[in-house]
Amino acid sequence: MRDIYATRKFDEKKGMEKEKLATARRLLSMGLSDEQVSTATELPLEEIQKLKEQA
């Protein structure tokens, strides 16, 4: 039973991370600064800069 719970929590966390990244991409495409996107998504500034490099 604990394995199922742990797996579910892991999947939820992974899904939330994907959602934050998608939101960050949208905000960047709207012209928000790296700092604003970092604040809004609670992602590290370095992660936002990596996203910009990938685009």
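Residues are numbered from 1 along each chain as its sequence is written. In this predicted model, local features need pLDDT of at least 70 and side-chain atom pairs count only at pLDDT 80 or more, while totals for chains, interfaces and linings use all residues.

Reader: At what angle do the axes of helix α1 and helix α3 cross?

Author: Helices here are DSSP runs (H or I, at least four residues) numbered from the N terminus. Helix α1 covers residues 2-29 and helix α3 covers residues 45-54. Their axes come within 10 Å, and the crossing angle is roughly 65 degrees.

Reader: How is the arrangement of α1 and α3 classed?

Author: Angles of 65 to 115 degrees count as roughly perpendicular. The class of α1 relative to α3 is therefore roughly perpendicular.

Reader: Is Asp-34 buried or exposed?

Author: Asp-34 is found in helix α2, residues 34-41. Buried means under 20% relative accessible area (1.4 Å probe, protein chains only). The value for Asp-34 is 13%, so this residue is buried.

Reader: With which side chain does the side chain of Asp-34 make a polar contact?

Author: A polar contact is a pair of N or O atoms within 3.5 Å, where one must be able to donate a hydrogen and the other to accept it. For the side chain of Asp-34, the distance is 3.1 Å and the partner is the side chain of Lys-52.

Key. Side-chain values use heavy atoms; hydrogens and water are left out. Axes are lines fitted to C-alpha atoms, for helices over the stretch in contact, and angles run from 0 to 180 degrees between N-to-C directions. Helices (H or I, at least four residues) and strands (E, at least two) are DSSP runs, numbered from the N terminus. Angles under 35 degrees count as roughly parallel, over 145 as roughly antiparallel, 65 to 115 as roughly perpendicular and the rest as oblique. Buried means under 20% relative accessible area, exposed over 50%, partly exposed in between (1.4 Å probe, protein chains only).
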